[in-house]
Amino acid sequence: MRMETQDTGKGYHDLLIFVGGKHYPTIQSFLDEANQMGISRRLHKLPHGVIAGKSTAYLAHEQKTKCVRCNGSGQLKQAVKTREIPVEYQGDTLIVEEFSIICPDCQGKGHKKNPVIFASYIIPGLRIYINKLPPGITDINSMDAKLYALHRSRYRSDKGFDLNTAKNNKEDRQLIQDLKITAVILNRGKAKPKQEEEHGG
Ligand SMILES: [Zn+2]
């Protein structure tokens, strides 16, 4: 998967992701997977400067356009004038040499690929999958739900979870910020999502 980062000037980079090719035959297949797993889980590691919860991911496909500079040939003709050593009685002789160079705009390809952005979203942070929320917690995006999810992932059990105790645990609240837990996903009856999966390309 080809990516480019761009400095936003706000302390983080945005991410331009080129979608297509062998891994994602259709845009929908990419979006389905991104929705299900989250982009940061799909990437082995976020590129330098890209911060979950802040950076925007722009999804783009590449549109081929003919290179204007070389008119699609991939080469530029250049002429240089060289001055030969004067030959007696003939004066200077100007020699015009014409040769081709590889077009620097398209690197000789004759076309350029321009990104066409079709979707964008804030890159989510760590997502925790749980099967259900305990009684008393209804909002899946609340700090309460995150505290519960953190407890679940830590102990793999509901045992010992007390919301009031959890709420007073400053370290856990800080950890949720540090881990950038941005979403708790209800995983009702579905198979456990695959762990880190890397896509080359
Ligand atoms: Zn060109």
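The model is predicted, so local features need pLDDT of at least 70 and side-chain atom pairs count only at pLDDT 80 or more, while totals for chains, interfaces and linings use all residues. Residue numbers start from 1 along each chain as its sequence is written. Helices (H or I, at least four residues) and strands (E, at least two) are DSSP runs, numbered from the N terminus.

**Strand pairing**
- Two strands count as paired if DSSP finds at least two bridges between them.
- Strand β3 (residues 56–66) pairs in the parallel sense with strand β2 (residues 13–18), over four bridges.
- β3 also runs antiparallel to strand β6 (residues 111–122), joined by 11 bridges.
- A57 in β3 is the bridge partner of L15, and A57 also stands opposite Y121 in β6.

**Nonpolar cores**
- A nonpolar core is a set of buried Ala, Val, Leu, Ile, Met, Phe, Trp, Tyr and Cys residues joined through C-beta atoms within 7 Å.
- Buried means that 20 or more other C-beta atoms, placed from the backbone, lie within 10 Å of a residue's own.
- The largest core has nine residues: L15, I17, V19, V50, A52, A57, L59, A60 and I123.
- β2 and β3 each supply at least two residues of this core, and β3 gives the most, with three.
- A second, separate core has five residues, including A145, L147, Y148 and A149.

**Helix α3**
- Buried residues in α3 are A145, K146, L147, Y148, A149, L150, H151 and R152.
- Just after α3, R156 takes a positive phi of about 50 degrees.

Conventions. Buried ≥ 20, exposed ≤ 12 C-beta atoms within 10 Å, placed from the backbone.
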